[in-house]
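Biologist: I would like to go through this model with you. Shall we take it site by site?

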Amino acid sequence: MADCIFCKIAKKEIPAETLFESDNIIAFKDANPIAPVHVLVIPKKHIKSVAELHEEDAGLMGEIILSAKKIAEDLEISQNGYKLLIRVGKYGGQEVDHLHLHLIGGAPLSEEIQPIS
Ligand code: AMP
Ligand code: ZN
């Protein structure tokens with residue numbers, strides 16, 4: 001995707017503070033962090049959202065979650081806990097249309113979703 005900002009980060013066409021990289025994924029600091037630790041983990045290949053995943057992407061998604069776990073350990077936020085978040089589409093609040101997992105932690109986190117009644 002020529003105009004996708006996360007594809008450009010994956011291809012090093014625009015800078016990001018990269019924490020981890022493999023053949024398939026890259027993890028970098030969120031530009032507008034909402035907590036002391038706020039990292040995005042993305043597949044290098046363009047997948048628009050979870051809604052566009054296929055069976056063959058199961059291993060890739062496993063790698064994304066396990067890399068978030070490893071980064072949380074490396075940054076020493078694992079013991080106190082953290083949040084993993086994937087927004088999907090319009091109602092999910094997804095703003096960048098390239099699948100990404102948020103790793104958020106380093107402080108107590110408030111819930112952003114309230115009960116409906
Ligand atoms: P979402 O609302 O789940 O789509 O989250 C998109 C996230 O991408 C937001 O937290 C933004 O702060 C972050 N973001 C957007 N552009 C960049 C960028 N160039 N580098 C790092 N993070 C970015
Ligand atoms: Zn992309």
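Biologist: Which residues coordinate the zinc ion (ligand 2)?
Modeller: This is a predicted model, where local features need pLDDT of at least 70, side-chain atom pairs count only at pLDDT 80 or more, and totals for chains, interfaces and linings use all residues. Residues are numbered from 1 along each chain as written, chains are lettered from A and ligands numbered from 1 in written order, and side-chain values use heavy atoms, without hydrogens and water. Donors are N, O and S atoms within 2.8 Å of the metal (3.2 Å for Na, K and Ca); water is not among the atoms, so sites may look incomplete. At 2.1 to 2.3 Å, the zinc ion (ligand 2) has Cys4 (SG), Cys7 (SG), His46 (ND1) and His98 (ND1).

Biologist: What arrangement do the 4 donor atoms around the zinc ion (ligand 2) make?
Modeller: Four donors count as tetrahedral if all angles lie between 85 and 135 degrees. The ideal tetrahedral angle is 109.5 degrees. Around the zinc ion (ligand 2) the angles are 104 to 115 degrees, so the arrangement is tetrahedral.

Biologist: Is Cys4 buried or exposed?
Modeller: Buried means under 20% relative accessible area, exposed over 50%, partly exposed in between (1.4 Å probe, protein chains only). His46, at 26%, is partly exposed. Cys4 has 7%, so Cys4 is buried.

Biologist: Where is Ile26 found, and is Ile26 buried or exposed?
Modeller: Ile26 sits in strand β2. Contact means heavy atoms within 4.5 Å. Beyond neighbours within four places in sequence, Ile26 is in contact with residues including Ile9, Ala10, Phe20, Leu40 and Val41. Its relative accessibility is 0%, so Ile26 is buried.

Biologist: Which residues is Glu112 in contact with, leaving aside its neighbours within four places in sequence?
Modeller: Glu112 belongs to the segment after β5 (101–105). At 47% relative accessibility, Glu112 is partly exposed. Its contacts beyond those neighbours are Leu85 and Arg87.

Terms used: Four donors count as tetrahedral if all angles lie between 85 and 135 degrees; four count as square planar and six as octahedral if opposite donors are over 155 degrees apart and all others between 65 and 115; anything else is irregular. Helices (H or I, at least four residues) and strands (E, at least two) are DSSP runs, numbered from the N terminus.
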